[in-house]
Amino acid sequence: MIDVATFGETMAALRALDPIRLGGATRLSVAGAESNVAIGLARLGHRVRWTGLVGADETGELVVRTLRAEAVDVTYCRVDRRGPTGLILFERRVGELTRVIYHRAGSAASFLTPADVLPALGPPPRILHVTGITPALGPGPAEAVEAAVTAAASAGTAVSLDVNYRSALWDRPRAARALRPLVPRLSVVVASEDELELVAPASATTEADRVAALLEAGVAEVVIKRGADGGTVHTTAATVRSPARQVPVADPVGAGDAFVAGYLSGLLDGLDPAARLGRAVTTGAFAVASSGDWEGLPTRDELSLLDSLPGTTLR
Ligand code: ATP
């Protein structure tokens, strides 16, 4: 049985050491919010399925090969010849400021439909994880999210949504119109502070009101990512806060996805909210302290590594 099913767009990712327009060395990898979460969960020993469309190209091969190598189930992933595999460029512009450039319009992944994702939900997984990026990719992907969330919720699968607002893909009113209707079928909502308004009713104007409205609508847990300030979990029973782990910042991109992987892993393991959040801030810190979106994510044995004193050599 699959523990977590997820789907979305995974792109070829180029990381440049210098400004893109100057050329120079780059490192080729893959990146996608949902597949980052999938890899994070697989590293922690969970059975994860990622589904998506890639182009009939070498970067599509790289996406599938990478996920397979990370023990993510790609049974329902397929090639779609109508577009190429998307491309994302990361440019370390100054210091810790990273600029992200997308070439994803018309990509193979933008042709995703419900028919691609519904078969990947049987037999029902324990959790379906979706992000607010997928419905922004086009009408087919939006329908795929809607259909998958409906099917999963009616099969008793817990549905998790990371709001993950991307201003390059759509504006806030469109995102709110697409995401708010999903709420009654969601068990877990993960959002940054400024993303809560995209899922909460417009009548709620403070963070507390937005959280209360989501819990009232039936969401079991509202999880807030607060960057270097850590995170918060709200359930109807309690509110739990955690500071971030103190780590040197190597590359902050991907922290949110790593955080979600840690949180869902804790949920699957039956941890209480404080321990779930503790695992989330730990996996988030691993992503921040290592280069790449997912490359530095921990295996289960490595979760305690951040407890080691600075300068420790592990032999
Ligand atoms: P991204 O979109 O880049 O993946 P995000 O905005 O979705 O990031 P953040 O809130 O930046 O997510 O980070 C997610 C979690 O990662 C935080 O809640 C925190 O636990 C951890 N984290 C983020 N930044 C730091 C940091 N500088 N030091 C330690 N932990 C961090």
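**Pocket and cavity close-ups**

**View 1. The lining of the largest pocket.** In this predicted model, 50 residues line the largest pocket, and Pro252, Val253, Gly254, Ala255 and Gly256 lie nearest its centre. A pocket is an open set of points on a 1 Å grid over the protein atoms alone, with protein on both sides within 12 Å along at least five of seven lines; lining residues have an atom within 4 Å of a point. The volume of the largest pocket is about 1300 Å³. A volume is the space filled by probe spheres set on the points, which are joined across faces, edges and corners.

**View 2. Elements and classes around the largest pocket.** Five residues come from α8, which gives the most to this lining. Helices (H or I, at least four residues) and strands (E, at least two) are DSSP runs, numbered from the N terminus. By class, the lining has 23 nonpolar, 13 polar and 14 charged residues. Ala, Val, Leu, Ile, Met, Phe, Trp, Tyr, Cys and Pro count as nonpolar; Asp, Glu, Lys and Arg count as charged; the others, Gly among them, are polar.

**View 3. The largest cavity.** The whole structure holds one cavity of 30 Å³ or more. In a cavity, a 1.4 Å probe fits but cannot get out. The largest cavity has about 30 Å³ of space. Its lining is Ala5, Thr6, Phe7, Thr51, Val117, Ala120, Leu121 and Leu128. Strand β1 (residues 4-7) gives the largest share, three residues. Six lining residues are nonpolar, two are polar and none is charged.

Residues are numbered from 1 along each chain as its sequence is written. Local features need pLDDT of at least 70, side-chain atom pairs count only at pLDDT 80 or more, and totals for chains, interfaces and linings use all residues, while side-chain values use heavy atoms, without hydrogens and water.
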